[in-house]
Amino acid sequence: MRAAFFTLGCKVNQYETSIMEQQFSAAGFDIVNCDESADVYIVNSCTVTASGDKKTRQMTRRFKRQNPSALIAMTGCYPQAFPEQAAEVLEADIITGNGERSALLPLVLTALHEKERIICVKPHTAAEPFEPMRVDKFLDRTRAFIKIEDGCDRYCAYCIIPTARGRVRSKPLSDLRDEAAHLVSVGYREIVLTGINLSSYGKEIGLRLSDAVKAVCETGVERVRLGSLEPELLTEEDVQLFASYKNFCPQFHLSLQSGCDETLKRMRRRYDSSEYKKIVEMIHCNFENASVTTDVMVGFAGETDEEFEQSLCFVEEIGFAKTHVFAYSIRPGTKAAAFPNQIENRIKDERVQKMIAASDKTRMQFLSEQVGRTEPVLFETEIEKDIFEGYTMNYTPVHAHSDSNICGEIKNVLLCQTAEDWCEGKLI
């Protein structure tokens, strides 16, 4: 039988899809692309935004139209956070949440045999442990990902993720070491540590994120990279430890959301702009060529023109290497959904465009600062004949010519000039 997977959302979702692909493959399923004919389609959903919910529903219905006889399973954050809404998507033959990944395969086999619809979404509990999981190999990837943390207990005013993912829970260090060592043994050159709230790793078991970084760096892997971080949980001691490892990648994705202190208060974020700026300065003091990237939300409830301008100026002042800009969307079940002074979509769109224009300038400034440097680049894909794309330690994208296939290899590259959103390089 053939199974196809469609994944929305974050790197954690992608990691979990890899786990499910591995399980289905071991059970005898052929894993195919989701645009191919399959007997089973699995949609691993995201519910960070309303558009993620909509996309989940759309893809579920599309796969049923594509192959009416196929079994469609919807899993992940959307059914977990909104089980009643998910149950209304009648094209889904199986609906499960985030606590049933290991049970999905048996549920699929049962549904295939009994031809009955299955809805199984278990609520998160306070004592819920970290679900044991390990990826042996990623399909068509040069970098390996390890999920080391799940859940969040921050309860930002706009965010549904604590409902979808539950409380913080962490992968035991022994399991992390074993998984990382295995991935190194099968040839991965870079390991990326991911989590729902990565900065909170270990808080419930007396550990810190720095313990996880130390454990993986000491496996001998050539590169260790971090996913998105909550800035105020990053201490100078942590950063100094990171900097002591030559295989640690100096790229920090520090979620900002807004550069205006009043907006941050309404969002229930736990830092202000001055604290954030000090953290960025601390990173640059400890790393010679670090990149700091971020997320910025515009149009949050009550955001005035003056508050938006403060946020815009802060983004320009920090000079982010890259900024993901998005408009606030109301999430039912969050505090902010009931806030007054919601912003019109027209104004949100205008602010998004202004923020993107500012972030594009800081992006080009960052890329310009990389020109003239010689950096090790891990090449990942051949984007056209004899032209390969890869990334430096600080995640600068690089395009370079090679007569031979260099995917999966680390090569020293002279960065010669900037292009649209990357640097052109020459192999040395």
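**Exercise 1.** Does F5 count as buried or exposed?

*Solution.* Residues are numbered from 1 along each chain as its sequence is written, and side-chain values use heavy atoms, with hydrogens and water left out. The model is predicted, so that local features need pLDDT of at least 70 and side-chain atom pairs count only at pLDDT 80 or more, while totals for chains, interfaces and linings use all residues. Buried means under 20% relative accessible area, exposed over 50%, and partly exposed in between, with a 1.4 Å probe and protein chains only. Because its relative accessibility is 10%, F5 counts as buried.

**Exercise 2.** Describe the aromatic pair that F5 and F24 form.

*Solution.* Rings of Phe, Tyr and Trp (its six-membered ring) pair if their centres lie within 6.5 Å, and planes under 30 degrees apart count as stacked, over 60 as edge-to-face and the rest as tilted. By this rule the count comes to 20 aromatic pairs. In the pair of F5 and F24, the centres are 5.5 Å apart and the planes make an angle of 85°, which is edge-to-face. This pair links distant parts of the chain, since F5 belongs to strand β1 (residues 2-7) and F24 to helix α1 (residues 11-26), 19 residues apart; helices (H or I, at least four residues) and strands (E, at least two) are DSSP runs, numbered from the N terminus. F24, at 0% relative accessibility, counts as buried. A stacked pair is formed by F242 and F248, at 4.8 Å centre to centre and 15° between the planes, and both of these residues are buried.

**Exercise 3.** Work out how helices α8 and α9 pack.

*Solution.* Helix α8 (residues 209-217) and helix α9 (residues 236-243) have axes 10 Å apart, at an angle of about 5°. Axes are lines fitted to C-alpha atoms, for helices over the stretch in contact, and angles run from 0 to 180 degrees between N-to-C directions. Angles under 35 degrees count as roughly parallel, over 145 as roughly antiparallel, 65 to 115 as roughly perpendicular and the rest as oblique, and therefore α8 and α9 are roughly parallel to each other. L209, S210, V213 and K214 of α8 meet D238, L241 and F242 of α9, where contact means heavy atoms within 4.5 Å.

**Exercise 4.** Where is the place of Y158, and which residues is Y158 in contact with, leaving aside its neighbours within four places in sequence?

*Solution.* Y158 lies in the loop between β7 (143-150) and α6 (161-165), and with a relative accessible area of 11% it is buried. Its contacts, those neighbours set aside, are Q257, M267, R269, M297, F300, Y328, R331, T334 and A336.
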